[in-house]
Amino acid sequence: MGLKIGGQIEKVNGKELSYSDFGDKYLARNEPVVLTGLMEDWRACHDWVSDSGKPNLDFLSTHFGNSKVQYQVADCRTRKLTDQKRVEMSVSDFVGQWGDDIKGNALLYLKDWHFVKEYLDYNAYNAPLFFRDDWLNFYLDNYHMHTHPDPINEISCSDYRFVYMGAKGTWTPLHADVFRSYSWSANVCGRKKWYFLSPSQHTFVFDRYMKNSVYDIFEEVNEKIFPHFKKAIWWECTQEENEIIFVPSGWFHQVLNLDDAISINHNWFNAYNLPWVWDLLLRDYKEAKEYIEDIKDICDDFEGLCQRNLATNTGMNFYDFFIFLVRMAFANLVQLYVLSRNNINSEEKRVQHLVFNFQSIRTVALKMKSASCEMNQYTTVDFSLLRKEQEFKQLCTSIWKTYDTLHDQGSENYNVNEVLLGIDENFLSTSSWCINSPENLISLVDFALDKLGECDGCS
Ligand SMILES: O=C(O)CCC(=O)C(=O)O
């Protein structure tokens, strides 16, 4: 069945776009775009691509062949529930089977390979500026999202920076990204065809109960199950080699490799889409709860069970998200403290960025407050302990350095130990040091917004 195509995705030269333009035009409006001109100096584009323009499989096998990509190789010919069946193999075995396209055999596609985590010193690429305000990976570089990670989830949740590689014809079924995050995907070699559906059209790919969505938009879609599928209007795009596509939050997409292809992609969220991450978590929570409603009366800790199931299905639960949010709020407060020691009025862009971050955290904390009536106490985050944690120091340092780059500011000498110990009750009253509820978090954020409101032009 032919799809209705409503439009093509815009292509823009990334070198001619500023960070704030990208924020206003694409992050805030949540619309896809293809960016060119941003991958020229990437090591991956030289090392991983042979002179013929195809993936350099010998290089990949020689240098990374021993990597065990646990459950990250998909068989594109076999469906398992809502995804493709996953198998476990080494990269050299995967490369050995490359393009082995015998009908009836598996068609293998290596996905979600946590390459950066595994090869920390290799520096395959530099994430473009537009994607660097990445709260998800800032956080996961230092903390686990889960309080009790199990070994398999530990790898799959260790970060959201991936390498994908697959022969012509490999593909990814229709889906929207984890946590309602944004993603970006850069073609190191080969072309990809993308089909997008905007969130306003989502109901068209769901069944009448809004439970299951279409798996493959090119299959014969059963009209009895998906009665509105034909109404969907798609955006399409052929992404060429060395182009980067921005995938907005919550857009469904299906992807086909038109050539043998390698791509690098990240999922991320920040102040722009944080409220949508919470909305999804709340929706998934309600679903998890509804699913086990019938055992509520015989369950000692029904709420705990809902939260455990939520963490397993969605990748985090309310407790994880709350601790994440509080640590991020404190990390932003540390940035504010550093600015306040200097001449804050000379750092207008940074100040505006912090205002935006705090407003977004406030929005989410308010939503959490109104949804948390059944929650037991959240874990307390105590700033006097937090500031001694190595993980938190690193979190603050990477945010500071990144914001310096984003706003083109020459970094002052930042001694994180000195900064963190310098924060005392004269700056932040001790009653705001322990955060254990969305209400406390709102007060903390209000304190920060008040301070920021005191400087020129930043109300
Ligand atoms: O490249 C692919 O096959 C899928 C990538 C994708 O879905 C994404 O980056 O969100």
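Me: At what angle do the axes of helix H11 and H15 cross, and within what distance do they come?

Reply: Good place to start, but keep in mind that this is a predicted model. The general idea is that two packed helices are described by the angle between their axes and the distance between the axes. Here, helix H11 (residues 348-371) and H15 cross at roughly 160°, and their axes come within 9 Å. Angles over 145 degrees count as roughly antiparallel, so H11 is roughly antiparallel to H15. The crossing of H11 past H15 is left-handed.

Me: Which residues make that contact?

Reply: On the H11 side, look for Val351, Leu354, Val355, Phe358, Ile361, Arg362, Ala365, Leu366, Met368 and Lys369. H15 brings Pro438, Glu439, Leu441, Ile442, Val445, Ala448, Leu449 and Leu452. Sort them by class and you get 15 nonpolar, three charged and no polar residues.

Me: How is H10 oriented relative to H15?

Reply: Use the angle again. Helix H10 (residues 318-341) packs on helix H15 (residues 438-453) at about 20°, and their axes are 11 Å apart. That angle makes the two roughly parallel. This crossing is left-handed. From H10, the contact takes in Leu325, Val326, Ala329, Asn332, Leu333, Leu336 and Ser340. From H15, you'll find Leu441, Leu444, Val445, Ala448, Lys451 and Leu452. The class count for H10 with H15 is ten nonpolar, two polar and one charged.

Me: And what about H8 and H9: at what angle do their axes cross?

Reply: Helix H8 (residues 274-291) and helix H9 (residues 302-314) cross at roughly 120°, with axes coming within 9 Å. They are therefore oblique to each other. The hand of this crossing is right-handed. H8 contributes Leu281, Asp284, Tyr285, Ala288 and Lys289, while H9 contributes Cys306, Asn309, Leu310, Asn313 and Thr314. That gives five nonpolar, three polar and two charged residues in the contact of H8 with H9.

Me: Let's move to the ligand. Which residues surround the ligand?

Reply: Think of them as a shell. Around the ligand sit Tyr164, Thr172, Asp177, Ser183, Ser185, Lys192, Val247, His253, Val255, Ser263 and Asn265. By class, the shell has six polar, three nonpolar and two charged residues.

Me: Zooming out, how many helices and strands does the protein have?

Reply: There are 15 helices and 16 strands.

Me: What box do the C-alpha atoms fill?

Reply: Taken along the principal axes, the box is roughly 70 × 60 × 45 Å.

Notes:
Residues are numbered from 1 along each chain as its sequence is written. This is a predicted model: local features need pLDDT of at least 70, side-chain atom pairs count only at pLDDT 80 or more; totals for chains, interfaces and linings use all residues. A residue is near a molecule or strand if its C-beta atom, placed from the backbone, lies within 6 Å of it. Ala, Val, Leu, Ile, Met, Phe, Trp, Tyr, Cys and Pro count as nonpolar, Asp, Glu, Lys and Arg as charged, and the others, Gly among them, as polar. Axes are lines fitted to C-alpha atoms, for helices over the stretch in contact, and angles run from 0 to 180 degrees between N-to-C directions. Helices (H or I, at least four residues) and strands (E, at least two) are DSSP runs, numbered from the N terminus. Angles under 35 degrees count as roughly parallel, over 145 as roughly antiparallel, 65 to 115 as roughly perpendicular and the rest as oblique. A crossing is left-handed if the near helix is turned anticlockwise from the far one by less than a right angle, and right-handed if clockwise. Two residues are in contact if their C-beta atoms, placed from the backbone, lie within 7 Å.
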